[in-house]
Amino acid sequence: MADAIKALGPYAAVFAALVTGLVLGVQARIGRRAQLQERKQELFASAYEVSIQYAEMAYAVRRRRADAAAEERVRLSEQLREIQSRLTWHEAWVRFEAPEVGAAYDELVARTRTVAGQSMKEAWRSPPVGDDPAMVISTSVVDLRVLADVRERYMAAVEAHLRPGGRALRLIPRPRRALPPSPVPAPPTGTGAGPT
């Protein structure tokens, strides 16, 4: 036995270096996966936030200032343009990061644009609020509760993607599946002045 240990003596340093390298490699991989997980969490949260901002524009249009109509149209239109740009960016990026989450986000955005877009159209056709009591907008005027189910589906898709044991936490990632063709939602119908 002593002879066997002496015979392996020169290789002990090499073996120790290999084990150390393996441990460091695994730690680096785990660290990169944790960073990826955090980046995806931030992306998915930002995407959700932007969908909420778009829906909230239905209230902003109703609460626009009556004493500065032209300035308010420009301000709200620019704000809406920025939000729509961010929505489109998030649609593409979320779909790239996680196709199953991207499909749920596409559904959320399409429904939000339909529901909130219709509310904004109606708000542009209505006079702006004139006093403090009118700032309270009832659900009979703007009802975003119909978005609850698609919001929940998006959150469930995010949770399924990020939960332990999900693809996002695997040390050895699975190959990506080809993206299914994305259904293009029909543009909301309706006519009238004002941006949506």
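**Aromatic pairs and salt bridges**

Trp89, with a relative accessibility of 48%, is classed as partly exposed (buried is under 20% relative accessible area, exposed over 50%, and partly exposed in between, with a 1.4 Å probe and protein chains only). The model is predicted, so that local features need pLDDT of at least 70 and side-chain atom pairs count only at pLDDT 80 or more, whereas totals for chains, interfaces and linings use all residues. Residues are numbered from 1 along each chain as its sequence is written, and side-chain values use heavy atoms, with hydrogens and water left out.

The structure contains 4 aromatic pairs, where rings of Phe, Tyr and Trp (its six-membered ring) pair if their centres lie within 6.5 Å, and planes under 30 degrees apart count as stacked, over 60 as edge-to-face and the rest as tilted. Trp89 and Trp93 form a stacked pair, at 6.1 Å centre to centre and 15° between the planes. Both residues belong to helix H2 (residues 69-97) and are 4 residues apart, about one turn of the helix; helices are DSSP runs (H or I, at least four residues), numbered from the N terminus. Trp93 is partly exposed at 35% relative accessible area. The rings of Trp93 and Phe96 have centres 5.2 Å apart and planes at 35°, so this pair is tilted. Trp93 and Phe96 are 3 residues apart within helix H2.

In the bridge between Glu97 and Arg39, the closest N and O atoms are 2.7 Å apart. This pair links distant parts of the chain, with Glu97 in helix H2 and Arg39 in helix H1, 58 residues apart. Glu97 is buried at 4% relative accessible area, while Arg39 is partly exposed at 36%.

Glu72 and Arg75 form a salt bridge with a closest N and O separation of 2.9 Å, and both lie in helix H2, 3 residues apart. Glu72 is buried at 6% relative accessibility, and Arg75 is partly exposed at 41%.

Arg113 is bridged to Glu91, the closest N and O atoms being 3.7 Å apart. Arg113 lies in helix H3 (residues 99-125) and Glu91 in helix H2, 22 residues apart. Glu91 is buried at 14% relative accessibility, and Arg113 is partly exposed at 22%. Apart from neighbours within four places in sequence, Glu91 is in contact with Tyr105, Asp106, Val109 and Arg113 (heavy atoms within 4.5 Å).

Note on methods: Helix = DSSP H or I, 4+ residues; strand = E, 2+ residues; numbered from the N terminus. Salt bridge = Lys/Arg side-chain N within 4 Å of Asp/Glu carboxyl O.
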